[in-house]
Amino acid sequence: MPTGSLFLRYGHGNQCDHRRPLAHSPDDPFLAGRVALVTGAASGIGRACALALAAAGAHVHVVDIAVDAAEAVAEEIGGTAHGIDLADPDAVDALPARVDIVVNNAGLQHVAPIQEFPLERFTLIHKVMVEAPFRLMRRTMPHMYARNWGRIVNISSVHGLRASAFKSAYVSAKHALEGLSKVAALEGAPHGVTSNCVCPGYVRTPLIEGQIAAQAAAHGIPADDVVHDILLERTAIKRLIEPEEVAAAALYLCGPHARHVTGTSFVLDGGWTAR
Ligand SMILES: NC(=O)c1ccc[n+]([C@@H]2O[C@H](COP(=O)([O-])OP(=O)(O)OC[C@H]3O[C@@H](n4cnc5c(N)ncnc54)[C@H](O)[C@@H]3O)[C@@H](O)[C@H]2O)c1
């Protein structure tokens, strides 16, 4: 085997000469012919996932409540936009079912102590971040089973594994998504379908930019101090993650070298959960 190159040898011992590169090139359209559906794809991590999947050859259904932004992303990647509210069960159940890859990404945050937490916000967060992913799995897994191939990528969070005060709806929804993902992994395994979570720490997206601005105003400190002293307090690597880094993890889980990876939580948290 050549020194310094990454090759995977198929077969047993030295009997097989069939070698394939271990890492696919970024330009390799290994998802050509596949159809993907990404929720919350108009912005942030979802948009980055849609771009990455499209660059790998997939046709992408861009689902988001932000209609104009969803259409702009779809136009950019030659995909199909669906301007719907994921809290509306009928709208979710009308999304395409003939999908090989589902990225459950759409999410929202609300910060308040439990005793003051508005019930309707709690319900909304669970509808968008738990019920909609369940409905999408329920709708698309029969198609994946028929093709004996499918990939479910659930954009969870470090908050799928750890709690923070005042985020009861978000933390409980992400923990539920982790459990749902594992059940889908067990049920999908005999049918060539994998299901995994991606668990980032804080990512530089509009969702977080809003929280940074709010905290800066509340504490009367600069935004950089909010990032370093508050958001990244528990994180060993003191930087925000970029959406493209999360998308690269999602893409790996859909790639040729992740066939044995299922039921896992792919943590990109800069060392937060190492503590
Ligand atoms: N940004 C972070 O630091 C971070 C960290 C860990 C996990 N996450 C998770 O990543 C996912 C994406 O977050 P982001 O930071 O890219 O946020 P974002 O606000 O940039 O994007 C979220 C998208 O979801 C869409 N959306 C929200 N409610 C919807 C609804 N009812 N119907 C349809 N679309 C809806 C929004 O319109 C938006 O386009 C979320 O699940 C979030 O919990 C984010």
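Reader: How far apart do the C-alpha centres of domain 1 and domain 2 lie?

Author: Domain bounds come from an automatic or database domain assignment. In this predicted model, the C-alpha centres of domain 1 and domain 2 lie 25 Å apart. The assignment gives domain 1 as 27–203 + 242–268 and domain 2 as 204–240. Residues are numbered from 1 along each chain as its sequence is written.

Reader: How many residues of domain 1 are in contact with domain 2?

Author: Two residues are in contact if their C-beta atoms, placed from the backbone, lie within 7 Å. Here, 9 residues of domain 1 are in contact with 9 residues of domain 2.

Reader: Which residues come nearest to the ligand?

Author: A residue is near a molecule if its C-beta atom, placed from the backbone, lies within 6 Å of it. Of the 26 residues around the ligand, Gly40, Gly44, Gly107, Thr205 and Leu207 come nearest. Domain 1 and domain 2 each contribute at least three residues to this shell.

Reader: What is the mean pLDDT of the protein chain, and where does pLDDT stay under 50?

Author: The chain has a mean pLDDT of 91, with 90% of its residues at 70 or more. Over residues 1–23, pLDDT stays under 50, and the model has 16 contacts beyond four places in sequence for these residues.

Notes
This is a predicted model: local features need pLDDT of at least 70, side-chain atom pairs count only at pLDDT 80 or more; totals for chains, interfaces and linings use all residues. pLDDT is the predictor's confidence in each residue, from 0 to 100.
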